[in-house]
Amino acid sequence: MPRVKFINLFLLSQVEKRALHVPLNSPKLLIQGANGFGKSVIMKSLFEALGATPNKIDDRWKAANVASCLEFDFAGAKWFSVKAHGVHSLFDDKGNRRFWGQRLVKDWGPRLAEFFDFKLEMGDKDGETVTPPPAYLFAPFYIDQDGSWETTWSSFRKDFYLPESAVTLADYHSGVRPDGYYSAKAELTKEKIVLASLETAVETLRQAVNQIQQIEGATPTYDLQEFASECDDLVVESERLLVLQAKHRRSVSDLHEEAHLLRSEATLLRRTLSEMRGEFELASSLPREVECPTCGYEYQNSLADRFALIEDEGVLSKALTDAESKLERVVEKELAERSKLSAIATSLAGVQKILEVRKQSLSLNDVLVAAGKTEAAKILRTTLNEKIVAADASRSRAESLRTSMNEYTDRTRTAEIRKFYQTRLSAYSQQLDVNLEDPEKQSVVSVKAARGSEGPRALLAYYYAFLHTKVEFTDNVRFPVVIDSPNQQGQDKVHLPQIVKFIFDHVPDEAQTIVATEDASGLNLEGVKVATYGEAKRQVLREKEYETVKAVFQPYFRKILAME
């Protein structure tokens with residue numbers, strides 16, 4: 001499995017004439033510093049150099065206009081990710097600029113995703129499929145002090161703008177919906193566009209063939225330039241309708257599939273409820289002691305067991321109500337989209353009108369004489385048959401991709417993933433002194449954490465249970481685990497050392513681990529390198545390092561400014 005290791009971080013402010021070099025080439029690193037001395041700025045800069053947007057940046061840091069360069073090892077080579085002059089750039093170890101981008105979603109994000117083989121694709125609010133920003137790739141590996149200790153999937157809130165980001169991140173990174181699922185989904189989206197284009201072409205050609213079959217009359221004189229102009233109008237109108245119709249057909253198809261899944265879910269819940277009610281009625285009708293007809297042993301038919309059945313029924317009833325409510329909303333959206341499709345049908349009539357245009361008493365009927373009519377019909381029918389065959393092949397490919405997506409979301413595999421996650425969550429909660437209610441019912445998306453000092457410990461148990469699940473069930477790229485300020489909500493002298501020791505001892509797959517905390521004194525951490533930064537409050541950059549670090553950036557600045 002591919003792995004990233006951070007080697008060095010360079011920060012440079014040409015405004016303040018200050019800089020900082022942070023060596024990272026250690027498997028376990030603890031950065032210490034009092035509040036306000038800049039340790040969190042270092043932590044935020046690690047993934048910011050790769051294209052993520054930190055939750056909170058100090059105004060003084062923004063005014064310093066700090067450039068960042070992260071040196072890292074990946075796939076057996078050294079790379080340098082540079083954020084400077086408003087652009088992100090990736091350089092190899094020979095100083096070649098491999099790619100760059102100004103916009104996270106349109107430019108830098110897709111190129112970085114390709115570099116790390118990150119295949120997640122999502123739909124934006126307009127229904128267009130996009131490669132999400134780089135923050136979606138780093139999400140499980142970074143715990144930010146400004147948000148991550150309050151709720152899950154909030155390490156890069158500004159970047160998590162796409163609909164249902166938390167659910168998608170949890171499904172993707174846990175392996176519930178792995179790379180293969182999203183690769184198939186992306187291909188299906190493209191195939192739907194191809195199919196919509198082919199279906200529109202088939203319909204247009206059929207109309208043209210029908211029009212030719214209705215032609216009668218003799219041969220007149222005809223201005224071929226005018227006829228060509230009318231044909232051009234037909235092409236333009238067809239292309240416009242194609243784009244409009246493809247958009248709404250994709251929406252209807254997606255909504256129809258979602259409604260089908262929700263109906264299946266509701267049916268399964270109803271069947272389960274019915275079976276459970278039968279069990280309860282049977283248990284209620286039996287005496288307190290029931291004799292086994294095979295062995296003769298008497299079993300207790302306790303009231304507690306019957307109440308347990310009632311409690312389970314309540315959970316299933318709530319799930320059924322939620323599923324039916326969501327189904328109703330999806331069906332309403334589908335009906336609305338179908339209504340729009342009906343409106344487009346009216347627009348398609350415009351194509352028919354173009355075919356029937358007559359100018360100066362001349363029409364398509366006047367142009368196509370008997371021989372010409374036969375030849376034109378022959379050509380159109382040949383093209384029509386080719387489009388029909390192509391459309392059938394496209395439907396077959398789309399169905400194959402849907403089957404592939406279903407295989408990646410196999411129920412047995414999903415249950416195995418959730419069981420693994422919940423087992424780890426339960427174990428880590430106990431080790432961190434967290435009283436977690438019903439760990440076997442906790443969602444893979446979030447955790448119901450207690451208030452006070454127990455809350456951050458519950459979130460840490462969640463993050464590590466999720467990371468171990470990711471390592472166990474996915475094969476995509478691993479990044480260093482970066483954790484900022486675990487001393488949240490006033491952890492006492494017992495729990496804080498316990499938390500820090502847990503972080504370094506239980507990191508999955510021996511991943512590089514970087515932690516920032518106020519004070520490391522009194523912590524017995526074997527094999528952990530401790531580094532202190534911050535010359536003065538709100539001044540982590542150093543004047544004495546300016547020239548040295550500037551020399552590191554100069555070759556990159558020249559190529560960035562020269563657009564090489």
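**Ground rules.** I am working with a predicted model, where local features need pLDDT of at least 70, side-chain atom pairs count only at pLDDT 80 or more, and totals for chains, interfaces and linings use all residues. Residues are numbered from 1 along each chain as its sequence is written, and side-chain values use heavy atoms, with hydrogens and water left out.

**The sheet.** I looked up the strand order and found an open sheet of six strands, β2-β1-β4-β5-β6-β7, with antiparallel pairing. Strands (E, at least two residues) and helices (H or I, at least four) are DSSP runs numbered from the N terminus, and two strands pair if DSSP finds at least two bridges between them. β2 (18-23) and β7 (97-101) are at the edges with a single partner strand each, so one side of each has no neighbour in the sheet. I also followed β5 (77-84) to β6 (87-92): six bridges join this antiparallel pair. V82 sits opposite S89 in β6.

**Helices on the sheet.** α1 (39-48) lies across β1, β2, β4, β5 and β6, at about 110° to β1. α3 (104-115) touches β4, β5, β6 and β7 and makes about 145° with β7. Contact means heavy atoms within 4.5 Å; angles run from 0 to 180 degrees between N-to-C directions, with axes fitted to C-alpha atoms, for helices over the stretch in contact.

**Two positive phi values.** S485, in the loop between β13 and α13, has phi near 55°. S485 is buried at 1% relative accessibility. E510, in the loop between α13 and β14, has phi near 50°, and is exposed at 74%. Buried means under 20% relative accessible area, exposed over 50%, partly exposed in between (1.4 Å probe, protein chains only).
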